[in-house]
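Please read this briefing with the structure open beside it, and look up each element as it is named. The points are grouped by topic, so that you can follow one part of the structure at a time.

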Amino acid sequence: MSDATKLPLCLPEHLRRPQRRAKRHGIVALAILGAVLAGAVLLPDGALSVNAATRAQPPQPAHLMGTDLLGRDIAARTLAALAQSVQVGLLAAGASTIMAVVLGLAATFGRMADHVVGLLTELALGLPHFVLLIMIAFAMGGGTAGVVVAVALTHWPRLARVLRHEAQTIAASDYVAISRALGRSRLWVARHHLAQPLVPQIVAGFIVIFPHAILHEAGLSFIGLGIEPHLPSIGVMLSESLREIMAGHWWVAAAPGLGLMLVALTFERFGEALRQLSNPAGEEA
Amino acid sequence: MFRPLSTMAIALSLMLPVQADARPLVLAIGGEPDGGFDPIMGWGHYGNPLFQSTLLRYDAGLNLIGDLAEDWILSEDGLVWQLRLRGDAMFSDGTPLTAEDVAFTYNTARAAGGLADLTVLKEARALDATTVELELTEPRITFVSRLATLGIVPAASYGSDYARYPVGSGPFKMVEWREGEQLVVEPNPHWHGGAIAFERVSFVFGSEEAGQALARTGTADLVAVPPSLADAAPSGMKVLHVDTVDNRGLAFPMVFRTGGTTAAGTPIGNDVTADRAIRVAINQALDREALVALALNGHGRPATGPADGLPWDNPEAAIPGNDPAAAMETLETGGWTDTDGDGIREKDGLRAAFQVLYPASDSTRQALALGASDQLREIGIDAQPSGSSWDEIGALMHSEVVVLGWGAHDPSEIFYLHHGDYAGVDYYNTGHYANPTVDAHLEAAEAAPSFDASLAEWKAAAWDGETGFSLKGDATWAWMVNLDHSYWVSDCLDLGPLQVHPHGHGFPITHDLPSWRWTCE
Amino acid sequence: MKAWLPALLAGRLIRLAWLLPLAAVGLFTLISLAPIDPVQAYVGGRTSQIGPEQRDAIAAAWGLDRPAVERFANWLGQLARGDLGQSITFNAPVMQVIAARLPASLALIGLAFVLSFVLGTALGLVAGATRGRWPDRVIRTIAVVMAASPGFWVAILLVAFFAVGLGWLPACCATPPGQLAAEVTLADRWRHMVLPVATLSVVGIAPLVLHTRQSLVAFLDSPAARHLSAHGATPLHLAFGPGLRHAAGVALTLHLAGAGELFGGSVLAEAVFAWPGLGQATVRAATGADAPLLMGIGLATLLFVFAGNLLADVAARLADPRLRGPA
């Protein structure tokens, strides 16, 4: 009757499915990423400029997502803002991934290192994520650099834990012991036995961090601690939209939020699919 | 001004018995002091201090009149103020206000390290119950603006919780303050200023957006709104645009680039704007009316100085703008000609080009920079608008032109902006302007024997017939516009005559709150 | 039978004993790094009325003219006496600011916690029981979309629709304007809470739905569940009967461990709704360079997260006796 009884019958397909799914989600996510970045570059000159003649117009053929109080086209501004967010997100997620790799692997270098990394993890997880983000962004004086550092310093613990666990499992395995016994250096072992199985994990980790990075970036920019307000960014657009919402201009908030959600969504799905790929049993666990 | 309707309403209201459920007044104009209502820490700078009263106050025409003080004199050497207090002033707890309270307030504020700058005060002394003496360390006439803004607190009960439970001799007493939400006040029965038409006044804080939402549901009677949204007032409310000295202008680097740098290592000087002909031509060319229309949607007025319409403004120092022909003549005479035919003038191989920096987050300043740039291109000056962050502006403001804004009810701003001693200090004299004659006028103004006497010196600093900081003289700035501050006001509310507002939109409108009236039943 | 509880508490308190001082040092270091000039942030728009001498006086009044080590020692000394220092922006003791603003935030967080727990678990169970069919797909899609939506955007949409568009609910604030606290009715308070709580619930709901669904699916695949269904129990019946018992403990554990995130969400929700809570104070403190208040909030939220995790541990052990070994 239920899927539960059918499940074992379709196991071979079930094993193949995650790979195809990951590929499909990956293509969608990268296509959107590419479209955003290319679209922002291809924006015609003056697409972002102020125009007194077209203030606060609802969506219409000339302005698909309407215009704001200064007559700026919201679709164009959203595209530019998304490109900005995506770049900051990629940078921040990349930095965070590097931190996770360094700290995750460092934890395998003896008990002392493991303790220190454990301590840092406790500290990083001890405050609510967003509060810690605010503190770090404040310490950096706000701005794009502040966002990148704040996101990088707060998103590593989960991936670091996974990597530490994997690395310790591998380090304790027979083939590493044999390699060491054969006189291979630590570095050789690390490169051959550690790097290969870990790379997919790292890539998946990066993809999982990325949507969080752009969402948190938008949050910080929204409260004025993120990307400088003169650069187009989703957080700033949404914070500006607040006052227009009260006048009934709903379209001012629609496009930026939708765009951000779309990018975050596709990458979240992609990351999830990748995670299942590297950990097939994990789907139901 | 004769207002038949409001006069009749007041007359009617006097004849009617006081209604138990008189309509409370609800204001959404921001201005919540996070730190509370302690004048010693800086509360009550603009607008009505609500709970406290001050020694002097400005009337709607910005003339000084007495409030707690009945008369006041400044000693010949400009060092000692002696003020005689009215005898009937009482705090809202029913205790009388004496000279001791005044001396206590001034001495405490001087030492407190808050937002009331009394560094020039040496000592405040009570001579008897109604006479107080304030001794300064040096003559400084702008000290009167402290007399008009520092609310007096009771010496007997002032303590660490004063900011949250203020007691004063002002028109209102606090009923409830829910921080971040609203302040509710009621008339102080002991106030010396007369009757107030509202049984209760609520100040709704929260966000600017929240205020607009309240206006649309008819729950707020006065709401501060951004000018760009102002025209669409909800039903039952009218739009009010208040004239201000909340101004915007182009601040010029005044010195040549000689390789000097600030303490932070940023360059000083700009060889183009250091040439007076350039600065004067820019002032002659700018069509300020067009800038008001472009950047402010018409809600503003042209600016020709830092304090247009205030008593210390010198109207003679202004020159009419929108005269490209005169501007081009000035440039020709000054040696700036277009030799290579690219539309931009040169002088000795130097192009008439500079950046115009504006904080890119500020769309008004952006529009001003873009508009000015377009106008200047027509006279052959290449002003390149450049949106930046405040940090970048802070680094470049000594060597490039910046769109800055000022506007205070206090002439010491004129001093800070133009005196050589303030060259490169904070955002004051960013251009490193120094003219000994102007400095002397500014110092003479501060040393004047009375505020009225100082006005002539302030005006002379702008233009004394030969030199000055104004457009006719050294043209240190090209002032462009004064913003309007926009409000939605209930059709039933009469605000009476209004001051020219300072920099800062919102709370300053409450200055004459005790005399506001309902006009309908 | 409850012998595990003291051991767990002791272990966690020891952890807190070293975590707090470390966090204090970390927070102080972080905040001392900030390049923002607190005096300029304090003076703000009053630049023209506060001369350079007064700026120095302000800095001296806050002790900013003394070296960082001395300031830190002072702060630690105060902290040891239970004093978090004086907030610059609010001109009041940090403790008092936090105590005054915490209840408003806790009301939001508490309600959102309960609401998202009930909704998340129920939706997760429905999804698990209808695995593969349309309700499952719809619920999972909603959960994933919610997880990818910025909370403050959801808040703006709610305002646009329910407050501005339909005019059903207030767009801001915790109480109606023009009334004293004593005059505000309970109904009004609830009305003002609806949108902020709804916003905040979105933050916590998605992981709960997916997790509950997975643990129910695992349960439905278990021999016990197959046995029951062979006797005619429908999946929905199983889900809200034994399945709920099976999944609730894990769900509660997960939800408690994530409670700290609700505070993060409330910072943004309070910004949109002008809610007078601690989240708003956090933003003011950060934009006003109010270091003592920021550090106080940091430590307070640390305790908040700690308490959430501790309760999660307790819940996990209550739900699963196997975990009650030495912690």
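The model shown here is a predicted one. With those bounds in hand, the centres of domain 1 of chain B and domain 2 of chain B are 28 Å apart, taken over C-alpha atoms.

**Domains of chain B**

- The domain assignment divides chain B into domain 1 (1-32 + 179-244 + 484-521), domain 2 (49-164) and domain 3 (247-483).
- Where domain 1 of chain B meets domain 2 of chain B, nine residues of domain 1 and 11 residues of domain 2 take part in the contact.
- On the side of domain 1 of chain B that touches domain 2 of chain B, four residues are nonpolar, four are polar and one is charged.

**Strand S13 of chain B and its partners**

- Strand S13 of chain B covers residues 247-251, and because five of its five residues are buried, this strand is largely enclosed by the rest of the structure.
- One partner of S13(B) is strand S19 of chain B (residues 401-406), which runs antiparallel to it and is joined to it by five bridges; within this pairing, Gly249(B) has Leu404(B) as its bridge partner.
- S13(B) also pairs with strand S20 of chain B (residues 477-483), again in the antiparallel sense and over five bridges, and here Leu250(B) has Ala478(B) as its bridge partner.

**Two covered helices of chain B**

- Helix H6 of chain B, which spans residues 276-285, is mostly covered, since eight of its 10 residues are buried; among them are Ile278(B), Arg279(B) and Asn283(B).
- The elements that cover the buried residues of H6(B) include helix H8 (324-333), helix H9 (363-377) and S20 of chain B.
- Helix H4 of chain B, at residues 208-216, is mostly covered too, with nine of its nine residues buried, and these include Glu208(B), Glu209(B) and Arg216(B) as well as Leu214(B).
- After H4(B) comes Gly218(B), a residue whose phi is positive, near 80 degrees.

**The largest nonpolar core**

- The largest nonpolar core has 344 residues, and the residues with the most contacts inside it are Val223(B) and Ile156(C).
- Helix H3 of chain A (residues 74-106) provides the largest share of this core, namely 17 residues.
- Leaving aside residues up to four places away in sequence, Ile156(C) touches Leu238(A), Ser241(A), Leu242(A), Ile245(A), Ala253(A) and Val272(C).

- Chain C contains 13 helices and two strands, and its C-alpha trace spans about 85 × 55 × 35 Å along its principal axes.
- Of the 327 residues of chain C, 49% count as buried.
- Among the contacts in chain C between residues at least 6 apart in sequence, 77% join residues at least 24 apart.

How values were computed: Residues are numbered from 1 along each chain as its sequence is written. Chains are lettered from A and ligands numbered from 1 in the order in which they are written. This is a predicted model: local features need pLDDT of at least 70, side-chain atom pairs count only at pLDDT 80 or more; totals for chains, interfaces and linings use all residues. Domain bounds come from an automatic or database domain assignment. Two residues are in contact if their C-beta atoms, placed from the backbone, lie within 7 Å. Ala, Val, Leu, Ile, Met, Phe, Trp, Tyr, Cys and Pro count as nonpolar, Asp, Glu, Lys and Arg as charged, and the others, Gly among them, as polar. A residue is buried if 20 or more other C-beta atoms lie within 10 Å of its own, exposed if 12 or fewer, and partly exposed in between; C-beta atoms are placed from the backbone. Helices (H or I, at least four residues) and strands (E, at least two) are DSSP runs, numbered from the N terminus. Two strands pair if DSSP finds at least two bridges between them. A nonpolar core is a set of buried Ala, Val, Leu, Ile, Met, Phe, Trp, Tyr and Cys residues joined through C-beta atoms within 7 Å.
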